Amino acid sequence: MAWKFKEDSVLNKYSEYTPCKDIFQAVCDEIGQYYVDKGGKYARSRPKITFKNADLKIEITFWSSGYNIPGEYVNLEMIPSIYSLELVKKAKEEGEKIKGHILSFMDVFTERWDDKPKGSKLIINAFGERLERVDEYNSKTEIKYNKSVNVYGITEEKFESLIHFIDSRITHWIESIHQPKNIQFFLDKLIPNDKTELLNGDFGTLLKLKFPDVNFR
């Protein structure tokens with residue numbers, strides 16, 4: 001991937017006086033264009049990417065912040081939701097109506113962090129920047145993939161990192177939902193309580209429907 005911003009994009013040239021909302025919108029437009037080229041749909045007015053096929057719907061909504069600082073900080077927040085259309089169809093056949101929501105941002109952005117003191121956190125953002133800390137009020141040891149990132153000053157190289165982050169954490173499910181090994185790999189990285197909750201919910205129901213002979217653990 002060698003991405004180039006659109007020729008007339010504000011991202012090619014702006015200053016500390018450029019409104020934060022213009023930079024945020026320009027980043028969303030670039031993300032939107034990338035995924036439209038990959039078969040997705042982009043809603044510009046309330047920035048959102050949607051992928052949909054017979055089995056799955058993925059929505060990624062983008063938000064910014066009221067605490068943006070011109071010339072310094074423009075927040076891009078990514079909120080993914082993943083729905084199983086297989087579950088929706090099955091429920092409809094049984095006379096029920098459900099949304100089929102199987103994965104949220106908490107599921108795809110959180111992993112356990114083994115062999116660390118209680119409360120240890122590793123925060124990784126979309127540009128690969130890492131921060132370690134200890135949370136004295138939360139004893140979980142975990143890796144958090146930060147759903148927010150500062151896109152002020154974003155370069156084409158950083159944009160590629162942003163796309164890789166979205167693909168590796170979210171859109172890969174278009175293929176992975178059909179691959180038991182990838183699903184088990186995902187489950188193995190979860191905090192035990194989070195894994196149990198997923199397997200006892202609609203995600204687990206979907207796995208039993210798709211893979212009746214596979215014992216996910």
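**Close-up views of a predicted model**

**Figure 1. Lining of the largest pocket.** In this predicted model, the lining of the largest pocket comprises six nonpolar, four polar and seven charged residues. The pocket has a volume of about 320 Å³. Its lining is formed by 17 residues, and those nearest the pocket centre are Ser104, Met106, Asp107, Glu197 and Leu198. At least two lining residues are supplied by each of the strands β5 (101-104) and β9 (142-145) and the helices α3 (105-108), α7 (192-199) and α8 (202-210). Strand β5 makes the largest contribution to this lining, with four residues.

**Figure 2. Lining of the second largest pocket.** The second largest pocket holds about 230 Å³ of space. It is lined by 14 residues, among which Ser168, Arg169, His172, Phe185 and Phe186 are the closest to its centre. Two or more lining residues come from each of α3, β6 (110-112), α4 (156-171), α5 (173-176) and α6 (180-188). The largest share, three residues, belongs to α6. By residue class, this lining divides into five nonpolar, five polar and four charged residues.

Figure 3. Serine 176 is part of helix α5. Its relative accessibility is 4%, and serine 176 therefore counts as buried, the cut-off being under 20%. The side chain of serine 176 forms a polar contact of 3.3 Å with the side chain of asparagine 182. When residues up to four places away in sequence are not counted, serine 176 touches Asn182 and Ile183.

Figure 4. Asparagine 125 is located in the loop between strands β7 (120-124) and β8 (130-134). With a relative accessibility of 13%, asparagine 125 also falls under the 20% cut-off and so counts as buried. The side chain of asparagine 125 reaches the backbone nitrogen of phenylalanine 127 at 2.9 Å. A polar contact of 2.6 Å links the side chain of asparagine 125 to that of glutamate 129.

Figure 5. Leaving out residues up to four places away in sequence, asparagine 125 touches Asn146, Ser148, Val149 and Phe165. Serine 161 lies 36 residues from asparagine 125 along the chain, and the C-alpha atoms of these two residues are 9.9 Å apart.

**Figure 6. The chain as context for the close-up views.** The chain contains eight helices and ten strands. Its radius of gyration is 19 Å, close to the 17 Å that the globule rule gives for 217 residues, so the chain is as compact as a globular protein of that length. Along the principal axes, the C-alpha atoms fill a box of roughly 55 × 45 × 30 Å. Of the 217 residues in the chain, 44% are buried; serine 176 and asparagine 125 count as buried. Among contacts between residues at least 6 apart in sequence, 57% join residues at least 24 apart.

Technical notes. Residues numbered from 1 in each chain as written. Predicted model: local features only at pLDDT ≥ 70, side-chain atom pairs only at ≥ 80, totals over all residues. Heavy atoms only, no water. 1 Å grid on protein atoms, 1.4 Å probe; cavity = no way out; pocket = protein on both sides within 12 Å on 5 of 7 lines; lining within 4 Å. Points joined across faces, edges and corners; volume = space filled by probe spheres on them. Nonpolar A, V, L, I, M, F, W, Y, C, P; charged D, E, K, R; others polar. Buried < 20%, exposed > 50% of the residue type's maximum accessible area, 1.4 Å probe, protein only. Polar contact = N/O pair within 3.5 Å; in protein donor to acceptor, adjacent residues only side chain to side chain. Contact = heavy atoms within 4.5 Å. Rg over C-alpha atoms; globule rule 2.2 N^0.38 Å.
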